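This report goes through one protein chain, taking selected side chains and their surroundings in turn.

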Amino acid sequence: MKVCCVSRESPRAFAKKATGEQADLFVFGFQGVEAVSYERELKGETGYFEELARLSKERNAVVVCGFVTDTRGLKRKSVLVAENGRILGVSDMLNVIDGEVGSGANLRIYYTKIGKIGVIVAQDLYFSDALASLALCGADYIFCPYEEMEEIETVLCRASSFYYGIPIAVCGIGYGIT
């Protein structure tokens, strides 16, 4: 399986490339996407979700992308997963650290053509119970879109991957580690 961590471009800029990287899975950090309003998405005023689904279809791949969602003023860090033109779902960050965003409701494993992928959203990487839950529930891989990374995320990614016996990839602004 080939994973491409896109750490410097927005999904929109990446999709505009006529010839680009081919991979089984593309992971985008939180770069280049403004807050996505569910209300505006549903009204058709914006099309971020559609763009990501289209990118997954054009590249015949799974796309995992982090962004901030806005539900009538309640902001969350979220990750959208799309495969072959279909949106498989959106996962929210469960643990609030800095108070700038709210927390979500559950962890989820997505069944894709490349296997069962678990999604950890941003600072949820700091909480080993989330990683343990995904590993114990049968995820084949765990992916974590992130913002700006420091050294601790690299250490956590590698240590957690070793401890839980599962490949983990983190993609942040300007940095990706598998």
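## Side-chain contacts and salt bridges

Ser 161 is placed in helix α5. With a relative accessible area of 22%, Ser 161 is partly exposed. Leaving aside residues up to four places away in sequence, Ser 161 touches Ile 166, Pro 167 and Ile 168. Asp 98 is 63 residues from Ser 161 along the chain, and the C-alpha atoms of the two are separated by 25 Å.

Helix α5 covers residues 151-164 and also holds Ile 152. Ile 152 has 43% relative accessibility and therefore counts as partly exposed. Together with Ile 97, Tyr 126 and Val 155, Ile 152 forms a nonpolar patch on the surface, and the four residues have about 360 Å² of accessible area together.

The model is predicted. Its protein chain has a mean pLDDT of 86, and 97% of the residues reach 70 or more. Among the elements of the chain, the highest mean pLDDT, 96, belongs to strand β7 (residues 109-112), and the lowest, 73, to strand β11 (residues 175-177).

**Around Asp 92**

Asp 92 lies in strand β6, residues 86-92. Its relative accessibility is 17%, so Asp 92 counts as buried; the cut-off is under 20%. Not counting residues up to four places away in sequence, the residues that Asp 92 touches include Thr 69, Arg 76, Ser 78, Asn 106 and Asp 124. The side chains of Asp 92 and Ser 78 are joined by a polar contact of 2.6 Å.

Ser 78 also takes part in a polar contact of 2.8 Å with the side chain of Thr 69, through its own side chain. Thr 69 is in strand β4, which spans residues 62-71. At 0% relative accessibility, Thr 69 counts as buried. Beyond the residues up to four places away in sequence, Thr 69 touches Asp 92 and Ser 78, and its other contacts include Val 36, Tyr 38 and Leu 74.

Asp 92 has a charged partner too: Arg 76 forms a salt bridge with Asp 92, the closest N and O atoms being 4.0 Å apart. This pair links distant parts of the chain, with Arg 76 in strand β5 (residues 74-83) and Asp 92 in strand β6, 16 residues apart. Arg 76 and Asp 92 are both buried.

**Salt bridges**

How many salt bridges does a search of the whole structure find? The search finds seven. Three of them, including the one just described, are set out below.

| Salt bridge | N to O distance |
|---|---|
| Arg 12 and Glu 51 | 2.6 Å |
| Glu 39 and Lys 43 | 3.4 Å |
| Arg 76 and Asp 92 | 4.0 Å |

The side chains of Arg 12 and Glu 51 meet in a salt bridge. Arg 12 lies in helix α1 (residues 11-15) and Glu 51 in helix α3 (residues 48-58), so this pair ties together parts that are 39 residues apart in sequence. Arg 12 is partly exposed at 39% relative accessibility, and Glu 51 is partly exposed at 25%.

Glu 39 and Lys 43 both belong to helix α2 (residues 38-43), where they are four residues apart, about one turn of the helix. Glu 39 is partly exposed, with a relative accessible area of 33%. Lys 43 has 55% relative accessibility and counts as exposed because the cut-off for that class is over 50%.

Terms used:
Residues are numbered from 1 along each chain as its sequence is written. This is a predicted model: local features need pLDDT of at least 70, side-chain atom pairs count only at pLDDT 80 or more; totals for chains, interfaces and linings use all residues. Side-chain values use heavy atoms; hydrogens and water are left out. Patches are made of residues with over 30% relative accessible area and no salt bridge: like charges are joined within 9 Å, nonpolar side chains (Val, Leu, Ile, Met, Phe, Trp, Tyr) within 5 Å. Accessible areas come from the Shrake-Rupley method with a 1.4 Å probe; for residues, only the protein chains shown count as cover. Helices (H or I, at least four residues) and strands (E, at least two) are DSSP runs, numbered from the N terminus. Buried means under 20% relative accessible area, exposed over 50%, partly exposed in between (1.4 Å probe, protein chains only). Contact means heavy atoms within 4.5 Å. pLDDT is the predictor's confidence in each residue, from 0 to 100. A polar contact is a pair of N or O atoms within 3.5 Å; within protein, one must be able to donate a hydrogen and the other to accept it, and residues adjacent in sequence count only if both atoms are side-chain atoms.
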